[in-house]
Amino acid sequence: MIKTVASVGLPVGESWNIYKNRLEPETVTGKEKRLSIVTGVHGDELEGQFVCYEINRIIRENREHLTGIVDIYPALNPLGIDSITRGLPGYDIDMNRIFPGDEEGAVSEHIASQIMDDISGSDFCVDLHASNIFLREIPQIRMSEAYADQLIGYAKLMNVDLVWIYKNAVVLDSTLSHGLNSIGVPTFVVEMGVGMRITKRYGKQLAQGILCLMKELGIWTGETIIPKEPMISFNRKLGLLHAESPGIFMPLVEHLGTVKESQPIGQILNPLSGTILEEVVSPIDGLVFTLREYPVVSAGSLLARVLGGEQV
């Protein structure tokens, strides 16, 4: 059932509309658990679009196994998706920095408030994101240390490769995930792939993990996979590699590959002179879970992240 979550008028007769698809069992008792799946808060992050399609398809083809409610919000920032813009076009605002919003505030704040109100009451929320156009990420869940104890068990069901637990930052207090956790809706963020693209294998991987989560919540009775056992970042070494020279970055390792300390992971080239400006080496042994996708770099550009072993 397609429902309108929020709608505001725009100039020249247009409307800013946000929709959700509510999937329910054939018989609704009023006691069903509810899962919300949201994506598209950043208009240049498209990986979640395929996940929404895949969950819709699986439930539609196996409706007899649905025992709870699944609300799918594929485009929280439809204007951004339509214009290939990360933020809200025309407003110069990152939509994921205005939650929980304000019912009586500006248009963007009003929309954010409507989204919060609609998701409120869910038993769980999965907030799907992609990387930007510069970096490729393995499927991972990111969560604040403040909510890790509450969320980690559910994160292990999601069939991701990594769970990244970070210390809370003030800037993250205005995100959708923080806002929902603050009102009692357990929420974690999924990051995967690369901006402006869809990685089909990642989408299928996440969809299977969401089915495992649905089964745990009592929303799904169909068959599910045994999810991957993710790496947990807490108390592990983290190697960050930044460019020291501007130029063209050419990786020498594979994304999700393992590296040794001092192993070259790439080179920064100067096409004008035909010279190598910089040999980029890993600072630690570990797994390359982030790798530069866009080759043009400036000094300071992030090139890779390597997850190492336990801190001593």
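I248 stands opposite L269 of strand β13. The model is a predicted one, in which local features require pLDDT of at least 70 and side-chain atom pairs count only at pLDDT 80 or more, while totals for chains, interfaces and linings use all residues. Residues are numbered from 1 along each chain as its sequence is written, and side-chain values rest on heavy atoms, with hydrogens and water left out.

Strand β11 (residues 247–251) runs antiparallel to β13 (residues 264–270), and four bridges join the two. Strands (E, at least two residues) and helices (H or I, at least four) are DSSP runs numbered from the N terminus, and two strands pair if DSSP finds at least two bridges between them. Both strands belong to an open sheet of four, ordered β14-β13-β11-β16 with antiparallel pairing. Because β14 (275–281) and β16 (296–297) each have a single partner strand, they stand at the edges, and one side of each is left without a neighbour in the sheet.

Contacts were defined by heavy atoms within 4.5 Å. Not counting residues up to four places away in sequence, L35 touches I69, V70, D71, F124, C125, V126, I210, L213, M214, L217 and I219. A75, in the loop between β4 (69–73) and α2 (78–83), touches I18, T39, G40 and I81 under the same exclusion of residues up to four places away. The C-alpha atoms of A75 and G48 are 9.2 Å apart, and the two residues are 27 apart in sequence.

A search of the whole structure finds one cavity of 30 Å³ or more. A cavity is a set of points on a 1 Å grid, over the protein atoms alone, where a 1.4 Å probe fits but cannot get out; lining residues have an atom within 4 Å of a point. Points are joined across faces, edges and corners, and volume is the space filled by probe spheres set on them. The largest cavity has a volume of about 80 Å³. Of its 14 lining residues, S144, Y166, S177, H178 and N181 lie nearest the centre. At least two lining residues come from each of β6 (135–144), α5 (176–182) and β8 (187–193).

Definitions and conventions: 1 Å grid on protein atoms, 1.4 Å probe; cavity = no way out; pocket = protein on both sides within 12 Å on 5 of 7 lines; lining within 4 Å.
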